[in-house]
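I'm opening a page for this structure and jotting down what I look up as I go. Here it is.

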Amino acid sequence: MASGKNSVLVLFNYVEEKDEYVALRAIDPSTLDFTPQYSIHVATVQEEYDAIVHALIKEGFEACCINLKDNFSILHHLITQNPPDVVFNLVEFFHNDLNNEGSVAGFFDLFRVPYTGSPPFCLSLCRRKALTKQVLLQSGIATPRFRNLKGPVMESGHDLNYPLIVKPARQDGSAGVDITSVVYDYPQLMRRIERVFSEFKAPILVEEFIEGKELHISVLGNDPPQVLPIIEFNFSELPGDHPHLITYDIKWNPLSPAYHKVHSFCPAAIDAKTEKLVKEQALRAFVATCCRDYARIDLRLGSDGVPYVLEVNPNPDLTEGVSFMESAEKAGLCFSETLRRIVCFALQRQA
Ligand SMILES: Nc1ncnc2c1ncn2[C@@H]1O[C@H](COP(=O)(O)OP(=O)(O)O)[C@@H](O)[C@H]1O
Ligand SMILES: [Mg+2]
C-alpha cells in the first residue's frame, strides 16, 4: 500500500467461455418481434465488475478486480503472497458448486484477510432455503408454508393450499422459476415436481404461492443495520395468463417480452403501518440469519396483511441502479458511496 490508500481486491469467479450478454450487442432491437421497453444491451459481467472498481477508485481506494476462474492456486496466491487491505467478496461458487460460497469466505477468515459481506455460516445457511425458513419461523418471522422434497414424491392429501410454487431449494437468481412454476392442482404439481427434479438436484421446495405485492428490502450496515427504502414490483403489464412472479426470463433475459413488462419502483406503494411492519420483519430476518454488511430480503405481502419472507440474500447483486443499489440511491447514497461504506465495514473489522 505504497500510496497510503487502502487497497481493495474485487474478487469474483466466472467460468463461462462466453458472456451471453456480449452476443446481445450484435442484435438490433428493431429486428425483434416485440418492442423492448428496456435496452437489450445490458452490461456484461466484466463491465459490472469494472464499474465497481472504478467507483472504488473514485472513492479514494486502490482497487482492481480479478476473476478466479475456479482456480484455487490463484486464490491462494492472492491471499497469501500480497494480501490486499480488503477483499470485496463477490465469489458466489467454486468448483461449480454453490455450496462452496461459504468455504471461500472461510478461507479469507483463516488467513485473517478482511472481506466484505456475510460470514461463512450465513452464506451456507441462506443457500439452504428450507433451513433458512425454519430459522425464520423460530424467530417469529412469517414465511410461506412449505414442504422440502428429497425426491419427486408428494401425497395428494398434503395440507398445503393451492396455488403452490415449485422451486429448487438451493439456487438463486430465479433459476428453475418460469411461468409453469405456479400450479393450481395435484396433476400440475406432480408434473412440475418431476420437471424440476429432472433439471436440479434435490431438495426441491413446494410452497404456498403468495399472490400479493412483491417487495425487496435492502439492509445496509451492522451497528445498527439500516433498512433502505423498499422496492416494489409492478406486474400489471404482463399478459393475463402470466402469473405474477419474477421468472428467470424476467430477471435475466432481455430477449423475452416479459423482461420488459415487469417494473420495479421505489419506494413501495404501501401505507406507513405496513412499511413499518415490513421493515421490522426484514431487519429481524437479517439478524436471525447472521447477515453482515449488506443483504436483501425478498418478501411477499399476503392478502392477510402478513409479510411472508421468501428468502434472505446475503451479498446480493450490486449492479448500479438495480435492486440493492436502487434502494441505496433512493436513500441518497450513490453507487460509489454505498460501495465505500461496504468496504469500510470490512476495514473496521480489521481494527
Ligand atoms: N411462495 C411464493 N409466493 C409467491 N411468489 C414466489 C414464492 N416463492 C418464489 N416466488 C417468486 O419467485 C421468485 C424467485 O424466488 P425466490 O424464492 O426469491 O428465489 P431466488 O430469487 O433465490 O431464485 C420470487 O422473486 C417471486 O417472484
Ligand atoms: Mg429471490
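What do the buried residues of H4 pack against? They pack against E1, helix H3 (72-81), E3 and H5.

**Ground rules.** I'm working with a predicted model, where local features need pLDDT of at least 70, side-chain atom pairs count only at pLDDT 80 or more, and totals for chains, interfaces and linings use all residues. Residues are numbered from 1 along each chain as its sequence is written, chains are lettered from A and ligands numbered from 1 in the order in which they are written, and side-chain values use heavy atoms, with hydrogens and water left out.

My labels: helices (H or I, at least four residues) and strands (E, at least two) are DSSP runs, numbered from the N terminus. Buried is under 20% relative accessible area, exposed over 50%, and partly exposed in between (1.4 Å probe, protein chains only). I count a contact when heavy atoms are within 4.5 Å.

Entry: I checked H4 and found it mostly covered, with seven of its 10 residues buried. These are Glu101, Gly102, Val104, Ala105, Gly106, Phe107 and Phe108. Just past H4, I noted Arg112 with a positive phi of about 55 degrees.

Next I looked at how H4 (residues 101-110) sits against H5: their axes come within 8 Å and cross at roughly 180 degrees. Axes here are lines fitted to C-alpha atoms, for helices over the stretch in contact, and angles run from 0 to 180 degrees between N-to-C directions. The two helices are therefore roughly antiparallel to each other; that label is for angles over 145, while under 35 degrees is roughly parallel, 65 to 115 roughly perpendicular and the rest oblique.

On the H4 side I listed Glu101, Gly102, Ala105, Gly106 and Asp109, which meet Pro120, Leu123, Ser124 and Arg127 in H5. By class, this contact has three nonpolar, three polar and three charged residues. (Ala, Val, Leu, Ile, Met, Phe, Trp, Tyr, Cys and Pro count as nonpolar, Asp, Glu, Lys and Arg as charged, and the others, Gly among them, as polar.)

**Entry: the three-strand sheet.** I traced an open sheet in the order E2-E1-E3, with parallel pairing. Two strands pair if DSSP finds at least two bridges between them. E2 (62-67) and E3 (86-89) are at the edges with a single partner strand each, so one side of each has no neighbour in the sheet. E1 (residues 7-12) and E3 are joined by four bridges, and I found Leu9 opposite Val87 in E3. Helix H11 (residues 335-350) lies across E1 and E3, at about 125 degrees to E3.

**Entry: the four-strand sheet.** This open sheet has the order E4-E7-E5-E6 and antiparallel pairing. E4 and E6 (182-183) are its edge strands, pairing on one side only. Five bridges join E5 to E7, where Leu164 stands opposite Glu208 in E7.

**Entry: H6.** Which helix lies across E4, E5 and E7? I found H6 there, running at about 145 degrees to E4. Its buried residues are Lys129, Ala130, Thr132, Lys133 and Leu136. Seen down the axis of H6, they fall within an arc of 155 degrees (taken from the directions from the helix axis to the C-beta atoms), so they line one face of the helix. After H6 comes Gly140, with a positive phi near 80 degrees.
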